[in-house]
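Here's a friendly walk through one structure, pair by pair and core by core. Have a look at it first, then read on.

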Amino acid sequence: MRERLHGRSGWVIALLVGVLAFAITVQWRQAEEADDFSGVRGAELAELLRSLDATNARLTQQIDDLRASRDDLRDSNESTAEAREAAIRRANALAILAGTVGAEGPGIEISITAPPGAVTASVLLDAVQEMRDAGAEVIAINGVARVVASTWFLDDDAGVRVSGRVLKPPYVMEVIGDPDTLADAVTFRGGLADRVESRGGTVEIEKRRQIQVTAVADAPEHQYARPASED
Amino acid sequence: MIPVIGLVAGIALGLLLQPTVPSGLQPYVPIAIIAALDAVVGAARALIEGRFDDRVFVISFVSNVAIAAVMVFLGDQLGVGSQLSTGVIVVLGIRIFANAAAIRRSIFHA
């Protein structure tokens with residue numbers, strides 16, 4: 001039997017085994033670099049393609065969803081920022097009105113020099129009224145008393161009591177508003193200037209492009225009043 | 001000894017030439033390899049059992065490869081190519097295992 005493996009038939013067997021080894025080697029290498037789909041059957045390729053299409057459609061859908069929600073978020077962010085800005089503007093306006101923050105801007109400075117007792121609370125109150133009439137936005141007296149909605153004036157032995165604070169002459173009013181209009185409101189016939197001068201005092205007006213009011217009003221704690229609910 | 005020379009020569013040729021399988025043959029080569037392996041293992045069993053016949057080996061080798069290729073081709077034409085090649089591989093695998101078990105019994109008597 002052994003000798004059958006030699007001779008002509010032995011070579012035929014060797015050839016077949018060689019072909020097999022050759023095929024295995026080639027196929028081995030092929031399988032290692034089988035990243036391409038050349039060895040895949042048509043039906044499998046179609047299946048692969050279909051699943052890729054499905055995945056693609058799903059991911060596209062997901063992209064659209066995410067993009068939409070991103071746009072939504074961006075919109076709401078913008079409107080939030082707008083609302084915030086509006087709220088800040090409103091808060092600033094209200095803070096100036098309530099006198100809880102310092103203020104600056106063009107305006108006039110009125111210095112009232114008068115003998116003791118000549119300038120009473122009613123004179124100061126009238127002056128404040130005239131200033132408001134002329135469009136004053138911020139008024140402070142002697143740099144300490146900010147005139148706001150709840151400010152009150154009362155005659156006192158030493159001078160004038162403004163919202164509980166005693167002010168002594170000379171009085172200096174810092175008023176923020178249109179300087180020319182404010183100055184006219186002081187000097188018109190029968191106005192503040194006339195009134196003080198008739199009592200032996202003097203009024204000086206200085207128009208300034210920049211007045212800084214640092215006095216702030218005490219923010220009142222309301223004991224009785226509550227905001228009426230709007231809804 | 002000569003078949004070993006053929007084995008070495010085949011591996012060396014495959015490594016040196018590094019050919020690529022033509023795409024038309026690609027579904028058939030793995031099946032053909034399994035079929036040829038079945039023939040070789042069967043031949044080894046016959047050799048050990050002392051009833052090796054080179055004529056039988058050559059014919060079984062060639063016919064195994066040819067039948068396997070034809071079956072895969074037929075399966076592809078009928079649209080059941082992947083199932084049929086799986087079936088062919090399973091059957092050939094069983095035969096290889098059976099022959100290997102016989103060889104093991106002859107050598108180790110276990």
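## A first pair to find

Start with A:Ser111, which sits opposite A:Glu204 in S8(A). Strands here are DSSP runs of E of at least two residues, helices are runs of H or I of at least four, and both are numbered from the N terminus.

Before going further, some ground rules: this is a predicted model, where local features need pLDDT of at least 70 and side-chain atom pairs count only at pLDDT 80 or more, while totals for chains, interfaces and linings use all residues. Residues are numbered from 1 along each chain as its sequence is written, chains are lettered from A and ligands numbered from 1 in the order in which they are written, and side-chain values use heavy atoms, leaving out hydrogens and water.

## The sheet and its helix

Strand S1 (residues 103–113) of chain A is joined to S8(A) by 10 bridges, and the two run antiparallel. Zoom out and you get an open sheet of 5 strands in chain A, ordered S3-S2-S7-S1-S8 with antiparallel pairing. Two strands count as paired if DSSP finds at least two bridges between them. At the edges, pairing on one side only, are strand S3 (145–147) and strand S8 (202–213) of chain A. From one strand to the next, the twist averages 20 degrees.

Helix H3 (residues 121–133) of chain A packs on this sheet, touching S1, S2, S3 and S7 of chain A. Touching means contact, with heavy atoms within 4.5 Å. The direction of H3 makes about 15 degrees with that of S7(A); axes are lines fitted to C-alpha atoms, for helices over the stretch in contact, and angles run from 0 to 180 degrees between N-to-C directions.

## What's inside

The largest nonpolar core has 32 residues. Such a core is a set of buried Ala, Val, Leu, Ile, Met, Phe, Trp, Tyr and Cys residues joined through side-chain atoms within 4.5 Å, and buried means under 20% relative accessible area (1.4 Å probe, protein chains only). H3(A) gives the most to this core, with 6 residues.

Among the members touching the most others is A:Met131.

Methods. Buried means under 20% relative accessible area, exposed over 50%, partly exposed in between (1.4 Å probe, protein chains only).
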